[in-house]
Amino acid sequence: MVTNLANGGRLSMRTGTLKQILLITDGCSNQGEDPIAMSALAKEQGVTVNVIGVMEQDVIDDQGLKEIEGIALAGGGVSQVVYSQQLSQTVQMVTRKAMTQTLQGVVNKELQQILGGAKTMEDLPPEKRGEIMEVVDELGEAVELEVLILVDTSASMKHKLPTVKEALLDLSLSLNARSGSNRFSVFVFPGKKTEVEKLLDWTPRLESLSSIFSKLTTGGITPTGPAIQEAISYFQKKRSLRSLLSRDDEQFFEESV
């Protein structure tokens, strides 16, 4: 997609796959690596980290709130604290807002290359800024998206899991209305035998969560840092596998995951 700028420059948008971690939790991490440090590492690897805090009995403590905001800030993402009944709309809003935020960052980098200096969208005339935002919106509908979902299954989340499941099913339906391809993967923490457990491998649809979520057990610990670390490794593993494949094999791989 190409947009002409006032000085004759041309903004040509080419983006790869947008990668997001979507963390859904209701409390503070209490085991393992620092989640804020792990979130910063994810950002360095090109993965945005978004966090949704689900309120416990209409409140969330200050320490939990600071951690939620800190993880999202370090990961270049979006954070939101909500009541569980508002979770479905929030999951969709946070995911799409993070997509737009990431794409705006890509646009600003291209603008700086074309215009020089510290030029960003905010420095452009209103009509040109509007044109570029239209490009961002179009890209948001067409870009490939990978969302690795991390669900806190510590003891306090037990009664919220049905709501989380419905929110993720709604997210799948909402994003599959885009023209761009989507892939989702779901991990829970703590797992049955390990700190983090893969629940669902990469898939374009999350319908199979309906049968899986009813079998989940909840535990007391909240290893948020290790969960983010595992998510980063999973993205890297997928990228490494791709690099080993030929183009034809890669196409087969894409259709299989």
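**View 1. The two covered faces of strand β7.** In this predicted model, strand β7 is covered on both of its faces, with Asn 182, Phe 184, Val 186 and Val 188 buried on one side and Arg 183, Ser 185, Phe 187 and Phe 189 buried on the other. In a regular strand the side chains alternate between the two faces of the sheet. Because eight of the eight residues of β7, which spans residues 182-189, are buried, the strand is largely enclosed by the rest of the structure; a residue counts as buried here when its relative accessible area is under 20%.

**View 2. Strand β7 beside its parallel partner, β6.** Strand β6, made up of residues 145-152, pairs with β7 in the parallel sense, and eight bridges link the two strands. Within this pairing, Arg 183 of β7 has Glu 146 standing opposite.

**View 3. Strand β7 beside its antiparallel partner, β8.** Strand β8, formed by residues 197-203, runs antiparallel to β7 and is joined to β7 by four bridges. Val 186, one of the buried residues of β7, has Leu 200 in β8 as its bridge partner.

**View 4. The whole chain around these strands.** The chain contains eight helices and eight strands, and 48% of its 257 residues count as buried. Among the contacts with a separation of 6 or more, 75% are between residues 24 or more positions apart. The accessible surface of the chain comes to about 12,400 Å², and carbon and sulfur atoms account for 49% of that surface.

Note on methods
Residues numbered from 1 in each chain as written. Predicted model: local features only at pLDDT ≥ 70, side-chain atom pairs only at ≥ 80, totals over all residues. Heavy atoms only, no water. Buried < 20%, exposed > 50% of the residue type's maximum accessible area, 1.4 Å probe, protein only. Contact = heavy atoms within 4.5 Å. Areas by Shrake-Rupley, 256 points an atom, 1.4 Å probe, with all protein chains shown as cover. Pairing = 2+ DSSP bridges.
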